[in-house]
Amino acid sequence: MSTLSERPQRAVVGLPLPHESAALHVTGEALYTDDLVVRTRDVLHAWPVQSPHAHARITALDVQPAYDVPGVVRVLTADDLPGTNDAGVKHDEPLFPNEAMFHGHAICWVLGETLEAARLGAKAVQVEYEPLPSLVTVREAIAADSFQGTGRHLESGDVETAFAQAAHVFRGEFEFAGQEHFYLETHAALALVDEAGQIFVQSSTQHPSETQEIVAHVLGVPSHAVTVQCLRMGGGFGGKEMQPHGFAAIAALGATLTGRPVRLRLNRTQDMTMSGKRHGFHSEWRAGFDDDGHLVALDATLTADGGWSLDLSEPVLARAMCHIDNGYWIPNVRVDGRIAKTNKTSQTAFRGFGGPQGMIVVEDLLGRCAPLLGYDAMELRRRNLYQSHHATPYGQPVRHAERLEACWSQVLEIGDVERRRTEIEQFNASHLHTKRALAMTPVKFGISFNLTAFNQAGALVHVYKDGSVLINHGGTEMGQGLHTKMLQVAATSLGVPLARVRLAPTRTDKVPNTSATAASSGADLNGAAIKNACEQIRERLAQVAGGKLGISPHDVRFTDGAVSGLYGDSLRWEDVVHAAYHQRVQLWAAGFYRTEGLHWDPAAMHGEPFKYFAYGVAAAEVEVDGFTGSYTLRRVDIVHDVGDSLSPLIDVGQIEGGFVQGAGWLTLEDLRWDESDGPNRGRVATQAASTYKLPSFSEMPEVFNVRLLEKAHEEGAVYGSKAVGEPPLMLAFSVREALRQAAAAFGPAGTSVDLGSPATPEAVYWALDRARSHPAAEGLNGQADGQAHGRVDGQVDGQVDGQVDGRLDGIERDGVRSPVKLSGV
């Protein structure tokens with residue numbers, strides 16, 4: 001067992017502790033970035049001037065009328081910049097644009113004594129626009145050949161030969177929507193400048209070091225002149241990995257020019273109209289199966305809707321391509337990926353970071369093809385699961401693949417799945433207008449950043465003379481419990497009670513050059529760095545304790561605040577620390593960790609980019625009303641692999657929250673832009689909680705069972721644990737697949753159902769209506785439309801027996817007449 005993963009007896013890690021700030025959260029005492037405004041004197045408030053066009057050239061900008069508004073202090077424009085007019089790492093995001101690239105694009109910013117003064121000042125600014133042609137949908141971008149960034153190609157095996165030899169070949173087209181982060185705390189920053197010109201920025205950011213870097217180059221100063229601190233975030237989900245940088249830069253620029261603190265906080269509508277979302281994707285695929293239901297070949301093209309600039313679209317696309325297999329072995333794979341450029345917000349990281357967008361393609365095609373092949377969808381999925389001797393299409397061996405089977409078997413057992421399926425069959429037979437279904441889906445998710453250089457972390461640990469401990473690390477807390485885990489790691493590493501350890505806010509002047517808290521890697525990277533720093537201190541203290549106890553330093557043990565040998569006397573932790581200080585022994589240490597064993601060729605899309613895979617399986621049961629398409633999530637059973645959990649209560653909460661957020665993306669959160677040719681073209685139509693439906697208590701399953709996979713120690717990870725942030729989100733595919741099966745149950749046996757994403761009640765209704773309205777036979781295939789911000793089309797061509805040809809004239813829905821074709825080949 002590696003030193004990193006070895007867990008001592010009586011460890012603090014592994015205890016089911018509540019979130020370290022739970023009491024502060026529920027009492028309202030937890031401080032967030034914008035709470036600091038009331039503790040800061042003479043603060044100015046920022047308000048944006050936003051474009052009313054999806055795409056337009058700015059021909060004139062007159063800010064003088066804003067100064068006639070009482071309370072307006074300054075209007076920030078490109079002319080005020082001392083440094084670079086760019087807030088993106090790809091240098092394609094001007095902070096002050098001369099061309100509006102999406103509806104709501106900030107053209108300039110007004111600073112006022114009050115928020116109302118800034119708002120009225122922004123309203124007074126006069127901007128003249130020359131409207132330009134715009135592309136709002138990914139289909140429009142494809143038709144216009146509008147792409148950005150670098151396309152990718154992934155291929156393994158002999159795809160064409162496999163298709164030629166496949167017993168069954170199907171084709172499909174599938175478009176699925178993005179997702180709004182809807183973190184509780186919107187984007188916020190507070191910037192101050194001290195007497196020496198040092199800029200201090202409080203920011204709600206998942207990546208303080210990159211925020212520091214962007215602020216520095218916008219201001220034209222070195223990074224050491226900028227300090228960024230993140231106390232905590234009220235949610236992030238990836239939306240605060242790249243997007244906060246420009247907002248922090250505006251606040252810092254305003255503070256630099258006025259000499260006063262500047263606060264920038266977006267209201268909910270501004271946040272939803274200005275910040276990026278999860279990437280929506282368009283996919284086209286061809287799948288080949290043998291007579292035993294094995295998926296032998298897959299050929300797919302993935303087109304990500306990147307929005308107006310690149311942001312993180314390239315790594316999101318790469319991860320989607322690397323996760324198109326999900327938990328299934330496909331020996332012959334070809335995937336092409338590209339990024340559409342549209343006049344929307346620049347789409348960005350979101351929990352799963354492309355993984356969900358890749359996985360949904362294979363889950364959708366398996367769900368659609370299973371009845372055409374004559375298989376139960378659950379059985380088709382199980383027989384295609386990875387085995388221990390398999391490798392991914394990009395060449396990485398799938399270690400511990402047997403854990404997929406273990407999770408699957410345990411869900412069958414704890415969920416009493418077979419008995420319930422029998423009951424569901426009986427229920428459906430006796431209920432004409434209500435149907436139930438139960439679906440199971442797996443997850444295999446790679447853990448590490450796509451970019452190898454990001455897989456590093458630092459920490460700074462101080463032990464004070466009284467024996468108390470202060471830890472600093474580069475990870476940020478957004479409610480996910482990272483700080484709780486890090487406190488447990490430090491207490492375990494030093495062998496002290498948890499009460500002796502405190503954690504300081506994340507700051508760039510304490511731990512520099514940090515990676516974003518993202519890719520589910522926060523605990524892996526920062527935990528290993530903290531452990532490294534603590535072990536340096538412990539080794540020094542062991543020398544001191546060994547001398548006082550008369551034993552070898554190698555025989556010294558640190559447990560629960562006591563320092564002892566294997567037998568005999570013991571010393572108090574604080575006495576050893578006190579002695580070490582008087583012996584002039586260093587009582588602090590900088591820790592560092594880099595993930596070993598990673599190598600990745602992004603051009604060839606080949607290598608081993610992930611430290612390990614996280615596995616899980618979920619079973620979801622739904623009930624659907626045949627008159628309205630409304631549905632109830634009756635029960636969910638999950639078994640998920642988190643290794644040896646660092647903090648079980650935190651991990652179970654993450655699994656539950658991730659699952660619910662995934663279910664929101666797949667079933668409720670219908671993100672829409674105005675696609676008309678009217679004056680509001682390109683406007684986000686769902687820009688408030690009143691028009692954008694989020695999962696709530698009523699959408700929670702009536703029965704929700706979550707179990708952590710046992711005996712799942714992960715060698716080479718901190719205390720044998722595994723990441724938990726992102727993988728559970730994709731367990732929610734089980735809900736969508738259950739809805740598909742319930743819709744199919746309204747039709748004859750063997751009906752293949754196309755289901756939109758998100759599978760809103762409307763989309764479910766249209767799916768079940770098609771299922772019960774048209775005769776089905778073995779081999780019936782369908783092309784139908786489902787609503788998922790626009791239209792979802794799918795065509796399945798099956799080389800199967802009992803072929804049937806048919807054609808429908810179309811379906812009228814939401815004022816759009818979409819062709820629907822049923823064909824068998």
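**Note on a helix pair and a pocket**

1. Helices α10 and α18 run roughly parallel to each other, because their axes cross at an angle under the 35-degree cut-off for that class. This is a predicted model.

2. The geometry of the pair is as follows. Helix α10 covers residues 355-373, and helix α18 covers residues 733-744. Their axes come within 11 Å, and the crossing angle is roughly 25°. The hand of the α10 and α18 crossing is right-handed.

3. Which residues of α10 and α18 meet? From α10 come P356, M359, I360, E363, D364, G367 and R368. From α18 come F733, R736, E737 and R740. By class, this contact of α10 with α18 holds six charged residues, four nonpolar and one polar.

4. Now the second largest pocket. Its space is about 820 Å³. The lining has 28 residues, and P8, R538, V556, R557 and F558 are the closest to the pocket's centre.

5. Which elements give two or more residues to the lining of the second largest pocket? They are α14 (482-494), α15 (522-549) and β21 (557-559). Helix α15 gives the largest share of that lining, with six residues.

6. By class, the lining of the second largest pocket splits into eleven nonpolar, nine charged and eight polar residues.

Technical notes. Residues numbered from 1 in each chain as written. Predicted model: local features only at pLDDT ≥ 70, side-chain atom pairs only at ≥ 80, totals over all residues. Heavy atoms only, no water. Axes fitted to C-alpha atoms, helices over the stretch in contact; angles between N-to-C directions. Helix = DSSP H or I, 4+ residues; strand = E, 2+ residues; numbered from the N terminus. Parallel < 35°, antiparallel > 145°, perpendicular 65-115°, else oblique. Left-handed = near helix turned anticlockwise from the far one by under 90°. Contact = heavy atoms within 4.5 Å. Nonpolar A, V, L, I, M, F, W, Y, C, P; charged D, E, K, R; others polar. 1 Å grid on protein atoms, 1.4 Å probe; cavity = no way out; pocket = protein on both sides within 12 Å on 5 of 7 lines; lining within 4 Å. Points joined across faces, edges and corners; volume = space filled by probe spheres on them.
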